[in-house]
Amino acid sequence: MVTRAAADQLRHRRLLDARAEFFPFRGTDLFVRIGGQPTVDALVDHLYDAFEDDPVLRPLFPRDLTDGRAAQKIFFAEWLGGEYTPGDGRRYSDHTYAPLRHRHDDVTITRSDAGRWLAHFRRALEQVVPTESDRTTIFDQAKAMAHALVNAEEPSTRRGGTSPVAACGVAARTLKNATDLAHKGDTAGVAASLAQAPDLRRASYGARLLQVAAMAGRVKTVEFLLRSGVGPDRPHYLPIGLVGHAFERVLLVTPLCAARLRHRTAVEAVLLHAGAAEDVFTSAFLGDVDLLRKQIAAAPELAETPDPAADVIDITPVDHAVAGGQVETLRLLLDNVRRPLPGAVRALRGAAEKESLPMVKLLLDGGADATLIGAGRWVLHPQIAPLLAARGASVRSSGSWIGLCCTGNQGRKDDPEYVRALLRHGARADDRRTGDPFGRTTGVAALAATGLHYAAKAGFVQTIEVLLEHGADPRAKDSQGRTPLDWLEEAAPTVDRESVRRLLTTATRQR
Ligand code: HEM
């Protein structure tokens, strides 16, 4: 439970202005009392069945609701106080890539939408939670969240499900253009963008513009954004290139932290003048041991308080220290948190990704659960890999490792050593890419293809050799009955099709 003193000190980091707690039922027996996961599953099924039939809300959701349903079952289990179970690995906040605020940024939600959502939620609760007092307690918290997610005025006619400004899709162009202007310090351009698209002032979009301008040292643009009403503390997530994949979109820093990271002292002065606040997350991330020590001495629970900016995702100062690569602030925090750490999966993944042996050791000694780490480049590290393996780390066979080394996406190259190391640590050559931690099974997962399928399409000759050496079946069929040779037909023109075909046909003959 976050104390009032800690909550007050971190109020400036809130993007989601909910009256309610983000983890309202943690530490209570509510989840067990209402019947555990089967009740949560039924709750979400009722809720989603209602969305399916709602002509107003349905257009806001994607065409296929299967994945949303699966993810919400894991989310509501945690939100309703489901306990972290070591080894299970199905805690929403350990795996998701966006706080609620950001998850809903691109959905236009009016007050009446929130009302409709809540009406469905109330009916779903009535179907599955027998005790009225439990229903009321849950509903009150959901109500506060739903109203905090409202981000649009009531339109006289709905303009389709999405906002004219968005972080993804076609509407992302407006935000991208404004971001580029803020980066260049083109204050007049930013002003024109805000005038044309007032949605750019939404909490998370404004925060993005301010962060970009602060990091680029654009004093005038920072001053303009502050004058336009973007709060001086509005946190925004840092790019993956700075924090690593483990912290993708969940490591939010204030403009002050971003400016200091880039040594933009003039921007820092402007922000401080505008009332920007210091906090434990900034000290942890930037490695300011002295300030952090003082902050923790004044309010010890701050060492493990979740970041309000990340709302329902459990990101604590420990994650910030790891993302910043700060061994000393990490040590100080771990000396001041309860043991064992609840999961600390992200922090461990992040430390391994940064190849920091001291941070990995500190986290393991602090009780981080290595069994949940999953696939990653840690398998290649000569000291970190055996250390984690000795604590039960292994690559699960959901086939998620295939996405990391067998596809040509994101500029990946043929990397046989990585594949060998993954196979040494629990991956199996015949695994299929079938799902993610939330049990989502559409899209790529529905194809249920093997590493050989992907490697054939990517033209990764050495990876194919390694997989075949380890017993992969060259005749394996995906869910549509297609073999790796069929996938090769879809390869890019640059792929050496002849070599791939030779390898696969020879291996097929030898079977
Ligand atoms: C106020 C009305 C609301 C609307 C219109 C709405 C709409 C949406 C939409 C369109 C998505 C994306 C679904 C997808 O990609 O499949 C979503 C995701 C989500 N919503 Fe809401 N939502 C509302 C309120 C809430 C509330 C009150 C909560 C929690 C108490 C919540 C929790 C979530 C979560 C956790 C996800 C992400 C699931 C995932 O990771 O895929 N939503 N919502």
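**Exercise 1. Tyr237 and its surroundings**

Task: In this predicted model, which residues does Tyr237 contact, leaving aside its neighbours within four places in sequence, and where does Tyr237 sit?

Solution. 
- Step 1. With neighbours within four places in sequence set aside, Tyr237 is in contact with His102, Gln211, Arg249, Val250, Leu251 and Leu252.
- Step 2. Tyr237 belongs to strand β1, residues 236-237.
- Step 3. The C-alpha atom of Tyr237 is 6.1 Å from that of Val253, and the two residues are 16 apart along the chain.
- Step 4. Tyr237 has a relative accessibility of 17%. Buried means under 20%, so Tyr237 counts as buried.

**Exercise 2. Thr254**

Task: Is Thr254 buried or exposed, and which residues is Thr254 in contact with beyond four places in sequence?

Solution. 
- Step 1. Thr254 is in the loop between β2 (252-253) and α14 (255-261).
- Step 2. The relative accessibility of Thr254 is 0%, so this residue counts as buried.
- Step 3. Leaving aside neighbours within four places in sequence, the contacts of Thr254 are Arg13, Asp233, Arg234, Pro235, Asp279 and Thr282.

**Exercise 3. The ligand and its iron atom**

Task: Which residue is the protein donor of the iron atom of the ligand, and which residues come nearest to the ligand?

Solution. 
- Step 1. His104 is the only protein donor of the iron atom, through NE2 at 2.1 Å. His104 is placed in the loop between α6 and α7.
- Step 2. There are 20 residues around the ligand, and Gln72, Tyr92, Arg103, His104 and Arg440 come nearest.
- Step 3. For Gln72, a polar side-chain atom is 3.2 Å from a nitrogen atom of the ligand. For Tyr92, a polar side-chain atom is 2.7 Å from an oxygen atom of the ligand. For Arg103, an N or O atom in the side chain is 3.0 Å from an oxygen atom of the ligand.
- Step 4. Two or more residues of the shell come from each of α4 (66-79), α6 (100-103), α7 (111-128) and α8 (132-148). The largest share, 5 residues, is given by α4.
- Step 5. Sorted by class, the shell around the ligand holds 15 nonpolar, 3 polar and 2 charged residues.

**Exercise 4. The nonpolar cores**

Task: How many residues are in the largest nonpolar core, and which of them touch the most other members?

Solution. 
- Step 1. The largest nonpolar core has 134 residues.
- Step 2. Those that touch the most other members are Trp79, Leu80, Ile138, Leu363, Trp378, Leu388 and Leu467.
- Step 3. Take Leu467 as the example. Not counting residues up to four places away in sequence, Leu467 touches Trp401, Cys406, Val419, Leu423, Ala429, Gly451, Leu452, Ala455 and Ala472.
- Step 4. Another core, of 25 residues, lies apart from the largest one; among its residues are Leu175, Ala214, Phe224 and Val230.

**Exercise 5. Positive phi**

Solution. 
- Step 1. Most residues other than glycine have a negative phi.
- Step 2. Glu355 is not a glycine, yet has a positive phi of about 55°.
- Step 3. Ala448 is not a glycine either, and has a positive phi of about 50°.
- Step 4. Ala448 is in the loop between α25 (444-447) and α26 (451-458). The relative accessible area of Ala448 is 17%, so this residue is buried.

**Exercise 6. Pro386**

Solution. 
- Step 1. Pro386 is in helix α22, residues 384-390.
- Step 2. Pro386 counts as partly exposed, because its relative accessibility is 45%.

Definitions and conventions
Residues are numbered from 1 along each chain as its sequence is written. This is a predicted model: local features need pLDDT of at least 70, side-chain atom pairs count only at pLDDT 80 or more; totals for chains, interfaces and linings use all residues. Side-chain values use heavy atoms; hydrogens and water are left out. A residue is near a molecule or strand if one of its heavy atoms lies within 4 Å of it. A polar contact is a pair of N or O atoms within 3.5 Å; within protein, one must be able to donate a hydrogen and the other to accept it, and residues adjacent in sequence count only if both atoms are side-chain atoms. Helices (H or I, at least four residues) and strands (E, at least two) are DSSP runs, numbered from the N terminus. Ala, Val, Leu, Ile, Met, Phe, Trp, Tyr, Cys and Pro count as nonpolar, Asp, Glu, Lys and Arg as charged, and the others, Gly among them, as polar. A nonpolar core is a set of buried Ala, Val, Leu, Ile, Met, Phe, Trp, Tyr and Cys residues joined through side-chain atoms within 4.5 Å. Buried means under 20% relative accessible area, exposed over 50%, partly exposed in between (1.4 Å probe, protein chains only). Contact means heavy atoms within 4.5 Å. Donors are N, O and S atoms within 2.8 Å of the metal (3.2 Å for Na, K and Ca); water is not among the atoms, so sites may look incomplete.
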